[in-house]
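Me: I have a model open and want to go through its contacts. Can we start with what the terms mean?

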Number of protein chains: 4
Amino acid sequence: MRIGVLTGGGDCPGLNAVIRGIVRKGTQLYDYDFLGFRDGWRGPLEAATTPLGIPEVRGILPLGGTILGSSRTNPLKVVDGIRRVKENLDKYEVDALIAIGGEDTLGVAATLHEHGVNVVGVPKTIDNDLNATDYTFGFDTAVNIATEAIDRLHTTAESHKRVLVIEVMGRHAGWIALHSGIAGGANVILIPEQRFDMDRVCAWVEQRFRINYAPIVVVAEGAMPLEGQMMVKDDSRDAFGHVRLAGIGEWLAHEIEARTGKEARTTVLGHIQRGGTPSAFDRWLATRFGLHAVDAVHDEDFGTMVALRGTDIVRVPLAEATVRIKTVDPALYAEFDVFFG
Amino acid sequence: MRIGVLTGGGDCPGLNAVIRGIVRKGTQLYDYDFLGFRDGWRGPLEAATTPLGIPEVRGILPLGGTILGSSRTNPLKVVDGIRRVKENLDKYEVDALIAIGGEDTLGVAATLHEHGVNVVGVPKTIDNDLNATDYTFGFDTAVNIATEAIDRLHTTAESHKRVLVIEVMGRHAGWIALHSGIAGGANVILIPEQRFDMDRVCAWVEQRFRINYAPIVVVAEGAMPLEGQMMVKDDSRDAFGHVRLAGIGEWLAHEIEARTGKEARTTVLGHIQRGGTPSAFDRWLATRFGLHAVDAVHDEDFGTMVALRGTDIVRVPLAEATVRIKTVDPALYAEFDVFFG
Amino acid sequence: MRIGVLTGGGDCPGLNAVIRGIVRKGTQLYDYDFLGFRDGWRGPLEAATTPLGIPEVRGILPLGGTILGSSRTNPLKVVDGIRRVKENLDKYEVDALIAIGGEDTLGVAATLHEHGVNVVGVPKTIDNDLNATDYTFGFDTAVNIATEAIDRLHTTAESHKRVLVIEVMGRHAGWIALHSGIAGGANVILIPEQRFDMDRVCAWVEQRFRINYAPIVVVAEGAMPLEGQMMVKDDSRDAFGHVRLAGIGEWLAHEIEARTGKEARTTVLGHIQRGGTPSAFDRWLATRFGLHAVDAVHDEDFGTMVALRGTDIVRVPLAEATVRIKTVDPALYAEFDVFFG
Amino acid sequence: MRIGVLTGGGDCPGLNAVIRGIVRKGTQLYDYDFLGFRDGWRGPLEAATTPLGIPEVRGILPLGGTILGSSRTNPLKVVDGIRRVKENLDKYEVDALIAIGGEDTLGVAATLHEHGVNVVGVPKTIDNDLNATDYTFGFDTAVNIATEAIDRLHTTAESHKRVLVIEVMGRHAGWIALHSGIAGGANVILIPEQRFDMDRVCAWVEQRFRINYAPIVVVAEGAMPLEGQMMVKDDSRDAFGHVRLAGIGEWLAHEIEARTGKEARTTVLGHIQRGGTPSAFDRWLATRFGLHAVDAVHDEDFGTMVALRGTDIVRVPLAEATVRIKTVDPALYAEFDVFFG
């Protein structure tokens, strides 16, 4: 048996741990051969391969990134994409394929499975917004990084009596903002799931100063104020003449300054949330995903993906992964109201 | 309503986060008063109290230890203990008690509940060995600390071509050893649940050297070799004349040296695994436990404790917490066989 | 003897370690009394004081911020400022004053010394730009934080084949950018001391992609391109209508995208560089500064400040601290040319 | 020109940064070829070589260990060792050799230089005990690791009211113990340079409990009590029958328990202090050492080694490195008396 492996979509700590788990168990227990496809779906589409065996996975457990490379190439959007992928799988005598990736990558996997490809999926999203699994690897690392940053902001907020805004990842789901904000003791947490009211934000900010502290505001990159609270000029060019929109973090800091008269500063964590060595939790989860994905291949349980339920790794239909995005439940968000302000 | 709060047993990162969650929600949402009892059950037993309100819980979220102190005092083992506890609760007009602790602390809580005390429990064990909950706070922090230590040992093991043994916590359950060993890429992981065979350990060690690497051995403090493999002298005094037993980590290093002729060195992490600032996961979990414990009081759902199931916080009977210890399932342990040697 | 202590200027990890060193040695060895002045020079100016003794300095060694608070209040810019400060020092029977701060704070100290106040200085600047001392505390912490961030960016830069720009502190001196850039293995480092040429920056960026890697660009907040390379529109309002200038990091990312066609993303570390727990080096240096500052008081060596020379703590005239800013020597900067691109 | 490079002695974070600095500058600026010798002096002795060029040094900056391997092989103790080394250098047409290592490694280098070999040295000792340089790389990393461990012990010491002993590296010099002990706020610091008095240690321990805190004791592995205070049994076998001496940390914990009646626990950091990723300071220093070592070769300034003086890298005769070990000055140690107890 020869198994192909690919990683697609955005960077996520733990990808290498998954690959290592797959290769170690597949080689040692099931005597499989492995073939690496480069740069996500570009690999099988363009026959871009790389050797993948025990030597290639040595020492990669703690490393960020992916030894297989990644891309957002989508064979479904390429003329004859599915046929070319199938031809290349045949050409390299690949019996089954393990695809590690998010909604898009797994969506392609689901379609290929309908076209007869033996495929098993491993879910990956730094944003933790996949409905079919309790957690995805990479998320815990991102939350730890954001939490450490918030920890560091506290003393400075106090010393300077400034509002400190920190923008974290999360275009459609506020999980990183919520978890790191609660873990870091933030005073305001703004998520994409619920448009925020600048009046309320400023009330929290002022309440915090009243008791002689300074507020930390965590904002997900996809969070937005209520309709009408954000005035965008017709001329959306910045001071240097480039067409651009400032991030929500910067906008928020300016708006808070303008409304409350308090100085505000912004930190934009950006890509440091999705790079570097994974946390212990993410290495554990990613390793187990890898071990169980190769078991699914062995069981010929194709068209499924591995998922975490409680402390168990289970299998769910690949289609499930892409059905519904997991966003922050308003009831969960409301649990933390007592920490705001 | 006045609510008493106490923390019992060993130190565990996240205790302060629980206390803060309880006090913030209880005060702001339910308008409760709080009273802190000092040093676990010694507090209500000896009427040792301390003020507990919003000011006392400011800034404690990231701090290790417990602002309420802890002890292993057990009122069930004290003459008239239960009566004295009840008298003191009456004296301070405490309507309900939230007890944060492990098997012993919650065992007392269960007994007191049978004697009519309104008590809610919050489970706490660094070893993660409580059956009623998926995870306990403090465990993730300990695993991260042990994993970082293992990470650092790898390069040195290689450079020195030495066996490096690291002893981690876990008297009865091997969760910390297993999680940190897998996350750290250890070559041998030894847990209390299964007596290990020195022949097999040495075979793994030698296999590792054969491919020109050096082995990392993670051993839980409670792990033991097969019967007859550990020779203990009649005279159990150490070289300095003190009565003592060396830890299993040191014993293992000496035994591996003696059997394989390879140099071996030991690291004993000890109490650094249970101190210091909690990981983001532990702060999140501990905070949620605190919020839900005070909800249980509000619902007058006494005799219960909060627990994690998947991503939900649920309530289970206090008795359940002490019924059965959660040890590492042999099937789970066997999943990782492919990484050994 | 009663000694006043104050901390002025921006936040800096290690301030509390200095205070603790002063109070521990002053109290235990010299039997001094201490009085804390709040919020820098605002303290003696407005008679804002706080108790300062052994109990107040317990546990503060690892904490960021300053227990005395800080501000940028300058008594030299206040009517009758010097007279009011001297009156308050007399009123509280303060025999000598230890001022911990940067150029501005120590400039006031120097002037007060000329007016007969017994003052000793401790230099503080996160930017490490004081000429009279090899290093200032806080700097090592900031460099470590920035380096860890750069470490995390590497894998993501590769996986995404993106240019990653990281903006670090340093308005007038590029020390943080240079040290963290070299320690983090950056491919371009831009400092305020030398205007950069966008053509050269883009050449480095493209060179990096040619060998199939992705570039990390570290830029100090005060760095600027060559005259004429930055076009600023007359209308310096941002897309939301606020008057503002985007930071240099964001500008750079947009400019690189525009010129090279490669995607670029920005991380702005902001205040997380100056908050939180100090590194071991900074705690050691800050503690020694505190111990030696109180020795200077004991020796009545007023008008001096402590400074690091090699591994020794020496005393230099206060005036020296403010004479000349220590910027990155072009020769030192040129040493690292081989790492660019 | 072809330059040989080797790393000898114990593991030390920063070795790879030195190698990278040498190769990058040597290749790009001076157009040198490089040859790696494997495992310290074993390399030139046994003609064990490995390719060394720009591709080999990619990505190694943050990695612990050494890509060249290390050993304690000493050609001066091998029959015909010097002749064999010289023959192999000739055979591989090596024009100059850069030796990175401690006292022993550089001692060999000095002797070889006397025998006409073109050699430049780079000093390396995790213990920071080389007299010729202000600091050596690796030391700052070790101190940070030990300090973080001490930080974590504090809360647990308090909660458990236990004495916590932590044993750190330092056979002959107490630099790591002193720096980490001061940075971590330890209550007792014991170094090899000065035999400690158990009576005084116990007095400090008891003083700490009197004010209701719990003591942290940092002890260097080479520290010893006063003559006569350590009773060693004739029979120096441990409880398991192996010949061994317990480490000083364990001995100390038992002795404190026996004398004061307080519970004591030990952490032995061991090799985690010398492995893993280097701190920013160590990467900066190691990189600069590498750059300057290759400059020394270019200047044909053989028989020298690079050294740190203040913020400058200078060259000193190789012989100087081995003349005198740098131990903790009693006056420096005494500076910190005010923190003990």
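Reply: A salt bridge here is a side-chain nitrogen of Lys or Arg within 4 Å of a carboxyl oxygen of Asp or Glu. Keep in mind that this is a predicted model.

Me: How many salt bridges are there between domain 1 of chain A and domain 2 of chain A?

Reply: The count between those two domains is zero. The side of domain 1 of chain A that touches domain 2 of chain A has five nonpolar, four polar and three charged residues.

Me: Where are the domain bounds in chain A?

Reply: The domain assignment gives domain 1 as 2–138 + 277–323 and domain 2 as 140–273. Their C-alpha centres lie 35 Å apart.

Me: And how much area do the two domains of chain A bury between them?

Reply: About 780 Å², with 53% of it on carbon and sulfur atoms. On the domain 1 side, Ile126(A), Asp127(A) and Ser279(A) lose the most area to domain 2 of chain A, together 47% of what that side buries. Twelve residues of domain 1 of chain A are in contact with twelve residues of domain 2 of chain A.

Me: Switching to chains. What do chain D and chain C bury between them?

Reply: About 3,600 Å², and 61% of that is on carbon and sulfur atoms. Trp284(D), Val338(D) and Phe339(D) supply 20% of the area that chain D buries against chain C, more than any other three residues. The contact takes 41 residues from chain D and 41 residues from chain C.

Me: How many salt bridges between chain D and chain C?

Reply: Four. One pair to look at is Glu335(D) with Arg288(C), whose side chains meet in a salt bridge at 3.5 Å, N to O. Chain D and chain C also have 14 residue pairs in polar contact, both residues at pLDDT 80 or more.

Me: Which helices of chain D supply at least two residues each to that side?

Reply: They are α1 (15–28), α6 (139–160), α7 (175–184), α10 (280–298) and α12 (330–335). α10(D) gives the most to the side of chain D that touches chain C, with eight residues. By class, the residues of that side divide into 18 nonpolar, twelve polar and eleven charged.

Me: What rotation superposes chain D on chain C?

Reply: A rotation of 180 degrees, with 0.0 Å of shift along its axis and an RMSD of 0.0 Å. That is the relation of a two-fold axis. The same surface serves both copies, and 100% of the contact residues of chain D recur in chain C.

Me: Which residue of chain D comes closest to the rotation axis?

Reply: Gly310(D), at 1.9 Å by its C-alpha.

Me: Back to charges. What does Arg288(A) pair with?

Reply: Glu335(B) forms a salt bridge with Arg288(A), and the closest N and O atoms are 3.5 Å apart. The pair crosses between chains, from helix α12 (residues 330–335) of chain B to helix α10 (residues 280–298) of chain A. Over all chains, a search of the whole structure finds 71 salt bridges.

Me: Last one. How far apart are the nearest C-alpha atoms of chain A and chain D?

Reply: They are 11 Å apart, and chain A and chain D do not touch. Chain B and chain C do not touch either, with their nearest C-alpha atoms 11 Å apart.

Terms used
Residues numbered from 1 in each chain as written. Chains lettered and ligands numbered in written order. Predicted model: local features only at pLDDT ≥ 70, side-chain atom pairs only at ≥ 80, totals over all residues. Heavy atoms only, no water. Contact = heavy atoms within 4.5 Å. Buried area = accessible area lost by both parts, 1.4 Å probe. Polar contact = N/O pair within 3.5 Å; in protein donor to acceptor, adjacent residues only side chain to side chain. Helix = DSSP H or I, 4+ residues; strand = E, 2+ residues; numbered from the N terminus. Nonpolar A, V, L, I, M, F, W, Y, C, P; charged D, E, K, R; others polar. Least-squares fit on C-alpha atoms with pLDDT ≥ 70 in both. Domains from an automatic or database assignment.
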